[in-house]
Amino acid sequence: MDSPVQIPFKSFIQLKPEESTAIYLQIVFEFIKAIQTGLLPEGTKLPGTRILCTLLEVNRNTLIKAFQDLELQGWIEILPNKGTFILSEKKQKNKADFTPSDIQNVLKKSQPFTFKRSTILENPKETSTLPYQFNDGLPDLRLVQTDVLARLYVSKLKRKKHIETWEQIQTLSHLNFKTQFSNFLNLTRGIRISTSNLLTTSSHEISLYLVTKLLISPNDKVVVASPGYYMSNMTLSDSGAQIISIPVDKDGIDTEHLRQICETQEIRLLYLTSNYHYPTTTSLSAKRRMEVLELANTYGFVIVEDDYDFDFHYDNNPVLPLAALGSNERVVYIGSFGRSLPTGFGYGFIAAPSQFIQELEKHQNILEPDIDVIKEQVLTEWITEGEVHRLSKKNKKIYKERRDYFVLLLKEKLDGKIKFQIPVRGLAIWVEWLDRFNLIKLQKQCIANGLFLPKTILYQTKDLTATRLGFGHLEKTEMENAVAILSQSLEEII
């Protein structure tokens, strides 16, 4: 095996200090990718931390912290007086029976064919069986009226059709669904579209994927907010885009910063969560909304407005999307519908100029060639009979009560330790910690006490220690226990 100092670490351990993710976490993620892709095979001996921190140009304490995390996760083994070694098959090996050797022969499994590997699309989501868990703002599926859905679904399956061909059923059913759905969007979100301006998809993620496929070419410059939505950033990066980050404050994205970028570079696209910024939950102010539209018209970039959480707003005057402000031809509006429904019943959608929708349909016919007629008929009936509005009204009342109680618990249990703004929409609260501490350390202590905090809700930089705490899926007793554990764990690590 090659000497560890001869391994070109710099070529595959790529750190980006300008990003919001802490450097030590970037090191952890880059090493895991290198191990999974075979760049660091099992048994590889790593150089000493002093040598490696020089190669990677990082602080030694930062590297040691990253190695400690990698060892706890089972990716490496640190043996005193022997060195640090790679453990690629972490689930199949125990530390007790692992004996590293620089001269052992590792038989490589033969590959029947080669294929592209993505280091961008690694799934960051984690799961846990712990009794209490926070997430980034998911609804409570226990509130779903599954009996009503089941009854409608069965009735549609049993209903006899008087149309001869299945193709006719699909065509008429889909057109009826699009008509009702476009009317629903016009009514609830203030946009002015017809069926020719609408594409429905099986999920919000498919919608974003289709849009980026048509709009972005390799090396196109795309502006996103920082901190931003990790899933959309993955999709944009995978399309070949060059990501440019701009800061966010209490009024949304910094439009003056955006203007300065536009004056020096050609921007293809601005990705924006204007109504409920992910993860900070702020809304783009009215003044900045107009500035964004003005900049798009002046400099010719496209605005992809992602309104992923419109359904959950608690005021009587919800902020309307940019797509509702006049007939702006530079806004592509994507969103979700039915987030409170069981998996499989929700929809993603795209509202845009008709010619763009026509082109999107060509690509959707490859990804999603079939129409779920029964599902569309059920949701069409829900919309026309007003059941969607009744369910939304009922759920908003429940979630508002949960938000208010969650706010009281945070103030009671974590007073003087956090700061936050009460969001007027959504199912999560952006909490900034006043003390400086390691969030991964807090996560591990919470796990030991029975509370799971996925890494996707943890945000830490040299200037920020914050957490996005979802409350929508928790009942009052569950909230009380989760916040109590969070407070206890914080006390134990400080």
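**Terms put to the test**

Me: Which residue stands opposite isoleucine 418 in β14?
Reply: Tryptophan 433 of β14 stands opposite isoleucine 418. The model is predicted: local features need pLDDT of at least 70, side-chain atom pairs count only at pLDDT 80 or more, and totals for chains, interfaces and linings use all residues. Residues are numbered from 1 along each chain as its sequence is written, and side-chain values use heavy atoms, leaving out hydrogens and water.

Me: Why do β13 and β16 count as edge strands?
Reply: The open sheet of four strands has the order β13-β14-β17-β16, with antiparallel pairing. β13 (418–419) and β16 (458–460) each have a single partner strand, so one side of each has no neighbour in the sheet. Strands are DSSP runs of E with at least two residues, helices are runs of H or I with at least four, and both are numbered from the N terminus.

Me: What makes α13 a helix packed on this sheet?
Reply: Contact means heavy atoms within 4.5 Å. Helix α13 (residues 387–413) touches β13, β14 and β17 (465–470). Its direction makes about 15° with that of β14. Such angles run from 0 to 180 degrees between N-to-C directions, with axes fitted to C-alpha atoms, for helices over the stretch in contact. Helix α14 (439–448) lies across β14, β16 and β17, at about 150° to β16.

Me: Why is the eight-stranded sheet called open?
Reply: Its order is β5-β12-β11-β10-β9-β6-β7-β8, with mixed pairing. β5 (198–201) and β8 (252–253) stand at the edges with a single partner each, so one side of each lacks a neighbour in the sheet. Helix α9 (255–264) lies across β6, β7, β8 and β9, at about 155° to β7. Helix α11 (354–367) lies across β5, β11 and β12, at about 25° to β5.

Me: How many bridges join β9 to β10?
Reply: Four bridges join β9 (269–272) to β10 (302–307), and the strands run parallel. Tyrosine 271 has valine 304 as its bridge partner. Leucine 272 stands opposite glutamate 305.

Me: Why is β10 called mostly covered?
Reply: Buried means under 20% relative accessible area. Six of the six residues of β10 are buried. Val302, Val304 and Asp306 point one way, and Ile303, Glu305 and Asp307 the other.

Me: What makes glycine 137 buried?
Reply: Its relative accessible area is 3%, which lies under the 20% limit, so glycine 137 is buried. Glycine 137 sits in the loop between β4 (132–133) and α5 (146–158). Beyond its neighbours within four places in sequence, its contacts are Arg339, Leu427, Ala428 and Gly470.

Me: How many cavities of 30 Å³ or more are there?
Reply: There are two. A cavity is a set of points on a 1 Å grid where a 1.4 Å probe fits but cannot get out, and lining residues have an atom within 4 Å of a point. The largest cavity holds about 70 Å³. Its lining includes Val224, Tyr271 and His277. β6 and β9 each supply at least two lining residues. The second largest cavity holds about 40 Å³, and Gly252, Leu272 and Ser283 are among its lining residues.

Methods:
Pairing = 2+ DSSP bridges. 1 Å grid on protein atoms, 1.4 Å probe; cavity = no way out; pocket = protein on both sides within 12 Å on 5 of 7 lines; lining within 4 Å. Points joined across faces, edges and corners; volume = space filled by probe spheres on them. Buried < 20%, exposed > 50% of the residue type's maximum accessible area, 1.4 Å probe, protein only.
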